[in-house]
Amino acid sequence: MSTYLQRAEKIVDRINELAAISEDSSCVTRTYGTPSFVEGSKKVLTWMNEAGLQTHIDNIGNVRGKLVSKKAGAKTFVIASHIDTVVNAGKFDGPLGVIMGIDLVEHIKNTDIDFNIEIIAFSDEEGVRFHTTFLGSNVVTGNFDTVLLNKKDANGILLREVITSNGGNPNQLVQDAIPKESWLGYYEMHIEQGPVLYEKNIPAAVVTAIAGQKRIEVALAGFAGHAGTVPMDMRQDALAAAAVCILAIERFGLENKDHIVATVGKLEVNHAASNVIPGKVVFSIDLRGASATYLEQAYHTIEEICTTICKARNIGIEWNLVQETAPVLCDKNLSNLLSGSIKEAGHSVIELVSGAGHDAMAVATVSPVSMLFIRCYKGISHNPLENAEVNDIAEAIKISEAFIQNLIQQHS
């Protein structure tokens with residue numbers, strides 16, 4: 001058995017060990033700040049200590065382990081991902097990148113390096129508990145919005161209260177940031193969460209960009225009426241109008257599939273009843289694309305499409321942009337190093353755009369970023385069936401180790 005395969009098996013063992021720490025005994029659920037999350041964080045801290053890193057858990061709950069360079073004034077290269085999960089999650093989304101990072105530094109810790117390497121297990125990327133993503137990475141980049149400290153979870157508990165109860169100080173979050181001038185770069189290893197590598201039978205790929213996102217809430221106002229007495233041609237049916245809008249959004253997405261994806265994932269019918277013509281309907285739109293220009297154009301075009309449909313049907317429309325994030329381009333120098341490392345490992349170079357958001361998006365505000373996608377079973381993610389094969393993880397270790405060594409040579 002190869003050394004890389006042995007290391008991969010150890011990584012999978014640790015992933016299973018972490019997955020066993022859950023809020024729900026029937027599935028993997030480890031949301032930010034919960035007792036299970038804290039227990040999982042301590043487990044990761046133990047592994048970092050065993051790897052010989054200088055460790056601590058910061059105020060927001062990020063688990064951090066640093067390999068310190070002997071060079072005075074050395075910059076820091078961060079390898080990171082997250083350890084929080086969605087509800088009923090898979091095992092690999094996030095933890096794979098963290099545990100692989102620990103493995104990497106453990107095997108190069110005796111190398112003379114002109115920069116620091118810090119492994120970070122970000123505390124909250126998914127945003128499940130407080131409905132806000134990138135809490136952990138926004139603290140490390142110095143971009144945390146203190147207004148969020150007063151945000152409440154479903155039980156009315158404030159974020160500041162969670163931080164305090166877990167041993168952090170909400171007033172000292174700013175001290176946990178890595179200054180912008182101290183960043184050398186960022187690297188994140190992550191399952192693809194899509195089917196391309198699985199279909200192509202390739203273990204890993206370079207991420208060139210992370211799609212930007214716009215989330216919109218659309219409220220349609222018609223007029224509720226009796227299902228048996230209002231003639232069909234005299235109705236103001238908000239649900240029928242929503243149905244036409246939703247199909248038009250799908251059609252637009254298909255026509256522009258090379259640039260954007262568009263999804264309606266939530267639909268609410270107020271006072272729904274089988275014998276009532278729907279008077280008010282609210283639905284969501286999730287719009288994503290790697291080009292800021294195309295994303296903005298698509299946003300306005302879809303708004304115009306929906307407005308035109310509603311006007312023709314005498315339906316009122318309210319359009320509310322709920323959230324937006326800008327697309328992120330990965331750093332060309334780091335991506336070229338990563339592509340070269342994939343070639344060294346004997347694989348073809350595949351370039352992919354990530355449709356899912358990652359902590360790299362938050363880090364890109366202060367540092368060059370790079371990402372490696374690792375093949376996962378049928379592209380399934382946020383699902384208990386999520387899986388990455390040991391052989392693919394072994395190849396990703398080989399690629400990542402070569403990448404770090406090439407980075408070391410570049411900066412020696």
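**Pockets, cavities, rings and cysteines**

The lining of the largest pocket is made up of 17 nonpolar, 21 polar and twelve charged residues, where Ala, Val, Leu, Ile, Met, Phe, Trp, Tyr, Cys and Pro count as nonpolar, Asp, Glu, Lys and Arg as charged, and the others, Gly among them, as polar. This is a predicted model, in which local features need pLDDT of at least 70 and side-chain atom pairs count only at pLDDT 80 or more, while totals for chains, interfaces and linings use all residues. Residues are numbered from 1 along each chain as its sequence is written, and side-chain values use heavy atoms, with hydrogens and water left out.

The largest pocket holds about 1,600 Å³ of space. On a 1 Å grid over the protein atoms alone, a pocket is an open set of points with protein on both sides within 12 Å along at least five of seven lines, a cavity is a set of points where a 1.4 Å probe fits but cannot get out, and lining residues have an atom within 4 Å of a point. Grid points are joined across faces, edges and corners, and a volume is the space filled by probe spheres set on the points. Of the 50 residues that line the largest pocket, Gln213, Asp286, Arg288, Gly355 and Ala356 are the closest to its centre. Two or more lining residues come from each of strand 7 (212-221), strand 9 (260-263), strand 12 (280-289), strand 13 and strand 15 (351-354), with helices (H or I, at least four residues) and strands (E, at least two) being DSSP runs numbered from the N terminus. Strand 12 gives the most to this lining, with five residues.

The second largest pocket has about 220 Å³ of space, and of the 15 residues that line it, those closest to its centre are Ile57, Asp58, Gly61, Asn166 and Gly167. Helix 2 (residues 35-50) contributes the most to the lining of this second pocket, with four residues, and by class the lining has six nonpolar, seven polar and two charged residues.

The largest cavity, with a volume of about 50 Å³, is lined by Arg7, Lys10, Ile11, Arg14, Ile99, Asp103, Glu106 and His107. Helix 1 (3-19) and helix 3 (95-108) are the elements that give two or more residues to this lining, which divides into two nonpolar, one polar and five charged residues. The second largest cavity contains about 40 Å³ of space, and its lining residues include His82, Asp84, Glu126 and His382; by class, that lining has two nonpolar, four polar and three charged residues.

The aromatic rings come next. There are seven aromatic pairs, a pair being two rings of Phe, Tyr or Trp (its six-membered ring) with centres within 6.5 Å, where planes under 30 degrees apart count as stacked, over 60 as edge-to-face and the rest as tilted. One of them joins Tyr198 and Tyr377 in an edge-to-face arrangement, 5.7 Å centre to centre and with 85° between the planes. This pair links distant parts of the chain, with Tyr198 in helix 6 (residues 196-200) and Tyr377 in the loop between strand 16 (369-374) and helix 11 (390-410), 179 residues apart. Tyr198 is partly exposed, at 31% relative accessible area, and Tyr377 is partly exposed at 32%, given that buried means under 20% relative accessible area, exposed over 50% and partly exposed in between (1.4 Å probe, protein chains only).

Tyr299 and Trp319 also form an edge-to-face pair, because their ring centres are 5.9 Å apart and their planes stand at 65°. Since Tyr299 lies in helix 8 (residues 292-312) and Trp319 in strand 13 (residues 316-325), the pair ties together parts that are 20 residues apart in sequence. Tyr299 is buried at 10% relative accessibility, and Trp319 is buried at 19%. Lys214 lies over the face of Tyr299, 5.0 Å from the ring centre; a charge sits over a ring if NZ of Lys or CZ of Arg is within 6 Å of the ring centre and within 35 degrees of the ring normal. Elsewhere, ring pairs link Phe77, Phe115, Tyr187 and Phe403 into a cluster.

Finally, the structure holds zero disulfides, a disulfide being a pair of cysteine sulfur atoms within 2.5 Å. The sulfur of Cys306 has its closest cysteine sulfur in Cys245, at 4.0 Å, which is too far for a bond, and Cys306 is buried, with 0% relative accessibility.
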